[in-house]
Amino acid sequence: MKIGQIRQSLSGFYDVYADGQMYRTRARGNFRKRKITPLVGDVVEFDAPTPQEGYVLKIRERQTQLVRPPVANVDLGIVVTATTEQEFSTNLLDRQLVALAVAGIEPLLYFAKTDLLTDTVYQDRLTLVEAYRKIGYQVICERTAFSESALAAVKAALTDHVAVVMGQTGAGKSTLLNHLQPGLDLATGEISQALNRGKHTTRKVSLIPIAGGLVADTPGFSSYEVFDIAANELTHYFPEFVRLSADCKYRGCVHINEPQCAVKQALDAGEILASRYENYLQFYETIKNKKVVYNKKKKKK
């Protein structure tokens with residue numbers, strides 16, 4: 001029996017990396033009976049008499065699990081954010097940060113297209129960058145697009161990690177990966193194409209070795225459209241709110257209507273970003289008003 005990591009899945013085959021080489025495997029039949037699907041990124045126990053034939057026997061405990069893309073054990077989310085005035089959105093940025101926090105994934109913010117900004121807008125972005133760094137986020141933002149120092153910072157963050165790349169279409173995700181690893185030749189927009197959600201669609205998912213780490217070669221992390229948490233849990237995913245909440249009068253304060261709220265006091269004093277608080281309120285209302293969907297099996301005609 002061997003221990004390895006699934007690096008690629010395609011049409012029911014799982015390519016497992018172990019002992020410096022790749023093994024082509026399938027999952028044992030009892031996986032299907034138990035409704036367990038091996039995922040790219042899984043650490044597995046497998047048996048392979050040859051590199052061309054083998055079987056996955058056991059999936060070791062996952063640290064994280066994503067649905068879109070279907071990858072396990074991701075521990076880094078590279079958030080590529082377009083900074084131009086037409087594309088920049090703190091709402092999308094904060095939505096992505098909350099989604100990563102809910103999934104238990106550490107974020108790395110990469111501000112792209114900075115070379116297209118006027119000096120005034122660039123200074124505005126730097127002010128915001130410092131505010132996010134103060135919260136505790138790692139942010140890479142430099143005047144020259146894909147500078148050596150910016151790429152070096154991303155490579156250092158990637159080392160020994162399994163990462164997904166996320167961001168709006170056209171933000172520069174593929175371009176960043178091509179700069180990190182010349183010769184990769186990902187087509188621009190390739191990893192951000194719209195997901196084909198057809199029930200029987202075959203899709204390849206793989207991990208690409210880059211800069212001493214692994215990056216999911218799939219459409220970017222997209223499960224940040226709806227937060228699968230209760231509204232009163234949202235505050236736990238805003239680090240600056242968590243630090244301030246110890247001084248709120250009421251335990252369980254959600255920082256909206258409660259009196260003597262330390263978060264609202266900090267907001268009034270300009271100590272936290274107004275955009276963060278406004279986005280928090282919007283997310284809270286979205287979660288609170290979310291309709292419960294019951295999955296009812298359709299009767300066969």
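How many bridges join strand β2 to strand β3, and do the two run parallel or antiparallel? Five bridges join β2 (residues 13-18) to β3 (residues 21-27), and the strands run antiparallel. This is a predicted model, in which local features need pLDDT of at least 70 and side-chain atom pairs count only at pLDDT 80 or more, while totals for chains, interfaces and linings use all residues. Residues are numbered from 1 along each chain as its sequence is written, and side-chain values use heavy atoms, with hydrogens and water left out.

**Whole chain**
- The chain holds eight helices and eleven strands; these are DSSP runs numbered from the N terminus, with helices being H or I of at least four residues and strands E of at least two.
- Of the 301 residues, 47% are buried (under 20% relative accessible area; exposed is over 50%, partly exposed in between; 1.4 Å probe, protein chains only).
- Of the contacts (heavy atoms within 4.5 Å) between residues at least 6 apart in sequence, 66% join residues at least 24 apart.

- Strands count as paired if DSSP finds at least two bridges between them.
- Val16 has Tyr23 in β3 as its bridge partner.
- Two residues lie between the strands of the β2 and β3 hairpin, where Asp19 takes a positive phi near 55°.
- β3 is also joined to β5 (residues 53-59), by two bridges, and this pair runs parallel.
- Ala27 has Val56 in β5 as its bridge partner.

**Surface patch**
- Met1, Tyr55 and Leu57 make a nonpolar surface patch of about 310 Å².
- Leu57 is found in strand β5, and counts as partly exposed because its relative accessibility is 33%.

**Helix α8 and its cover**
- Helix α8 (residues 274-288) has 15 residues and reaches 21 Å from its first C-alpha to its last, close to the 21 Å expected at 1.5 Å a residue; the expected span is 1.5 Å times one less than the number of residues.
- Buried residues of α8 include Ser275, Tyr280, Phe283, Tyr284 and Ile287.
- Their cover includes α2 (90-103), α3 (119-135), α6 (239-245) and α7 (262-268).
- Thr90 is found in helix α2, and counts as buried because its relative accessibility is 18%.
- Leaving aside neighbours within four places in sequence, Thr90 is in contact with Leu128, Tyr132, Ser275 and Asn279.

Methods. Patches are made of residues with over 30% relative accessible area and no salt bridge: like charges are joined within 9 Å, nonpolar side chains (Val, Leu, Ile, Met, Phe, Trp, Tyr) within 5 Å. Accessible areas come from the Shrake-Rupley method with a 1.4 Å probe; for residues, only the protein chains shown count as cover. A salt bridge is a side-chain nitrogen of Lys or Arg within 4 Å of a carboxyl oxygen of Asp or Glu.
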